[in-house]
Amino acid sequence: MNRKKVMNSLAMAAAVTLLVTSCANQAATPGSTSAAAGGGLNLNVPVLTSIETPKDAVLPAGDGKATCPATTTLAYIGAETGANAQLGINIFNGIQLAINQHNEANAGCQVAFKKFDTEGDPNKATGPVTQATKEANIIGVVGLPFSGESKATGNIFEQVKMVHITPAATNPGLTTNGWSTFFRGLGNDAVQGPAAAKFMTGTLGAKKVYLVQDDSDYGIGLGGTTTTGLGDALIGSDKVTTGQKDFSATISKIINSKADAVFYSGYFAEGAPFNQQLVAKGFKGAFVGPDGVKDDQFIKQAGDASNNAFFTCPCIPGELIPTFATAYKSLTNAEPGTYSIEGYDAATVLLAGIDKGNQDRAKLLDWVKNYDASGLSKHYKWDATGELQAPAVYGYKVQDGKIVPIGEIGK
């Protein structure tokens, strides 16, 4: 995801207007001093308006000449329901678009698509994964989206040697289990954490950062790498739990610390009410969340409080790829979301393998192990552990009630 950045001065002016409005529950004026924030922040971050994509990107349609058995099936396994389901739905829609485009172009190879709902819950994920691995027609999987459920099910895939590409799970420990079937289609939190820290202390100019993490494998892992990256800028930290509704105790600690930025390491289901309550108590600094928080549902749930929000994500803004964005919107009647393009690219890797005759589990796994080609979002080439080479991290912010990209912030 190493892309050139194009900055738009008009968008920058709009961002400033949004962030300095007189509402008491919004972020402090860029460069101003806030009693609650303890200092000035540079919130005047310009918007990214275009990106370059590889000219040689592999696309789902291929050459249109593929043939395969009518039983050939790919699957999505991950959240379709549950508190953070939207992240899974974004991925599923990207996969569906890729398969639709492939099948429309290849009359002789109609790949079937099945989906299995895990609710994003590690304790519920083993059942759907076991079911999918027992269906002989399924030869490859895109998923699982979340780190906890990926950790809980990796051994099941390994036992049957079924390839699975996650477009979203970022806990670094997932590639240290010795699995030969697990591949990560994005950078992990060993990349995202330091990038987030650098973004807060560098780009935003935060002097005092308070870090709050949830109790998920994802939140714990990212909280750790971000803590290390912040160094002396970390003024305090606290822990919350999945499903928590009242954050008053943690918010009191943040207000008393005079932090000018808060980093929340978790998902939007808790991040949204947390930020809403934080702003209501008078916090006027920046709220920064990672990919697990970067979703339109965060804005819907947090309301006007979301105007102080920035996000980090090892994901490319698919909405800036015109061909993809147009086709995605035609399918879903919505703009691409977080990890939509990564789901699309992961499915394309598997479809390209099928088109080349890799039409059983063993051959498709070998295909992915040796894959070396560009997708729309990035170049895909994995090391022996299943990690991508040279992944990048992008920044985003809330502007005019929408999440907009602000460019690459680390790699």
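This briefing describes the domains, sheets, nonpolar cores and aromatic pairs of the structure above.

The model is predicted, so local features are given only where pLDDT is at least 70 and side-chain atom pairs count only at pLDDT 80 or more, while totals for chains, interfaces and linings use all residues. Residues are numbered from 1 along each chain as its sequence is written, and side-chain values use heavy atoms, with hydrogens and water left out. The protein chain is divided into domain 1 (73-188 + 317-377) and domain 2 (190-313 + 394-408), with bounds that come from an automatic or database domain assignment.

**Domains and their contact**

- The centres of domain 1 and domain 2, taken over C-alpha atoms, are separated by 28 Å.
- To the contact between them, domain 1 contributes 19 residues and domain 2 contributes 19 residues, where contact means heavy atoms within 4.5 Å.

**The parallel sheet**

- An open sheet of 5 strands has the order β4-β3-β5-β6-β7, with parallel pairing; strands (E, at least two residues) and helices (H or I, at least four) are DSSP runs numbered from the N terminus, and two strands pair if DSSP finds at least two bridges between them.
- At the edges stand β4 (112-117) and β7 (182-184), and because each has a single partner strand, one side of each is left without a neighbour in the sheet.
- From one strand to the next the twist averages 25°, with axes being lines fitted to C-alpha atoms, for helices over the stretch in contact, and angles running from 0 to 180 degrees between N-to-C directions.
- Strand β3 (residues 73-78) runs parallel to strand β5 (residues 138-143) and is joined to it by 5 bridges, with Ala75 standing opposite Val141 in β5.
- Helix α2 (residues 85-105) packs on this sheet, where it touches β3, β4 and β5 and its direction makes about 170° with that of β4.
- Helix α11 lies across β3, β5 and β6 (163-166), running at about 160° to β5.

**The mixed sheet**

- The order β9-β8-β10-β11-β12-β15-β16 describes an open sheet of 7 strands whose pairing is mixed.
- Its edges are β9 (234-239) and β16 (402-410), each with a single partner strand, so one side of each has no neighbour in the sheet.
- The twist in this sheet averages 20° from one strand to the next.
- Between β10 and strand β11 (residues 286-289) the pairing is parallel over 3 bridges, and Phe263 stands opposite Val288 in β11.
- Helix α6 packs on the sheet, touching β8 (209-213), β9 and β10, and its direction makes about 160° with that of β8.
- Helix α8 also packs on the sheet, touching β8, β10 and β11, with a direction that makes about 160° with that of β10.

**Gly219 in helix α6**

- Gly219 lies in helix α6 (residues 217-230) and counts as buried because its relative accessibility is 0%; buried means under 20% relative accessible area, exposed over 50% and partly exposed in between, with a 1.4 Å probe and protein chains only.
- Apart from neighbours within four places in sequence, Gly219 is in contact with Gln213, Asp214 and Ser265.

**Nonpolar cores**

- The largest nonpolar core has 100 residues, and those with the most contacts inside it are Ile254, Phe274, Phe287, Phe298, Phe310 and Trp382; such a core is a set of buried Ala, Val, Leu, Ile, Met, Phe, Trp, Tyr and Cys residues joined through side-chain atoms within 4.5 Å.
- Helix α11 (residues 340-355) supplies the largest share of this core, 8 residues.
- Domain 1 and domain 2 both give residues to this core, so it lies between them.
- A second, separate core of 12 residues includes Ala75, Phe116, Ala132 and Met162.

**Aromatic pairs**

- The structure holds 18 aromatic pairs, in which rings of Phe, Tyr and Trp (its six-membered ring) have centres within 6.5 Å, planes under 30 degrees apart counting as stacked, over 60 as edge-to-face and the rest as tilted.
- The rings of Tyr264 and Phe274 form a tilted pair, because their centres are 5.5 Å apart and their planes are at 50°.
- This pair links Tyr264 in strand β10 (residues 261-265) with Phe274 in helix α8 (residues 268-280), 10 residues apart.
- Ring pairs link Phe247, Tyr264, Phe274, Phe287, Phe298 and Phe311 into a cluster.
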